[in-house]
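Here are a few notes to read alongside the model.

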Amino acid sequence: MWSVDVRARLWRFEQSPDWSVLYAELPLAVLGGTGVALAAWALARRIGR
């Protein structure tokens, strides 16, 4: 997700702050990371039984 259109992001960052990171991409990354961690935890519990 973060590697898509990197050159354009860097160009925009140098010109002005890119606020889409705060209201779109950061929450998606946090929710995605939390979901993956919960899925791994549930899988580990199921395998452990």
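1. Start with Leu 26, which sits in helix H2, the stretch covering residues 20–48. Keep in mind that this is a predicted model.

2. Is Leu 26 buried, exposed or partly exposed? Its relative accessible area is 40%, so it counts as partly exposed, the class between under 20% for buried and over 50% for exposed.

3. Leu 26 is also where H2 bends: there is a kink of about 30° at this residue.

4. What about the helix as a whole? H2 is 29 residues long, and from first C-alpha to last it reaches 41 Å. That is close to the 42 Å expected at 1.5 Å a residue.

5. Together with Trp 19, Leu 22, Tyr 23 and Val 30, Leu 26 makes a nonpolar surface patch of about 580 Å².

6. Now zoom out to the chain. The secondary structure amounts to two helices and zero strands.

How values were computed. Residues are numbered from 1 along each chain as its sequence is written. This is a predicted model: local features need pLDDT of at least 70, side-chain atom pairs count only at pLDDT 80 or more; totals for chains, interfaces and linings use all residues. Side-chain values use heavy atoms; hydrogens and water are left out. Patches are made of residues with over 30% relative accessible area and no salt bridge: like charges are joined within 9 Å, nonpolar side chains (Val, Leu, Ile, Met, Phe, Trp, Tyr) within 5 Å. Accessible areas come from the Shrake-Rupley method with a 1.4 Å probe; for residues, only the protein chains shown count as cover. A salt bridge is a side-chain nitrogen of Lys or Arg within 4 Å of a carboxyl oxygen of Asp or Glu. Helices (H or I, at least four residues) and strands (E, at least two) are DSSP runs, numbered from the N terminus. Buried means under 20% relative accessible area, exposed over 50%, partly exposed in between (1.4 Å probe, protein chains only). The expected span of a helix is 1.5 Å times one less than its number of residues. The bend at a residue is the angle between axes fitted to the seven residues ending there and the seven starting there.
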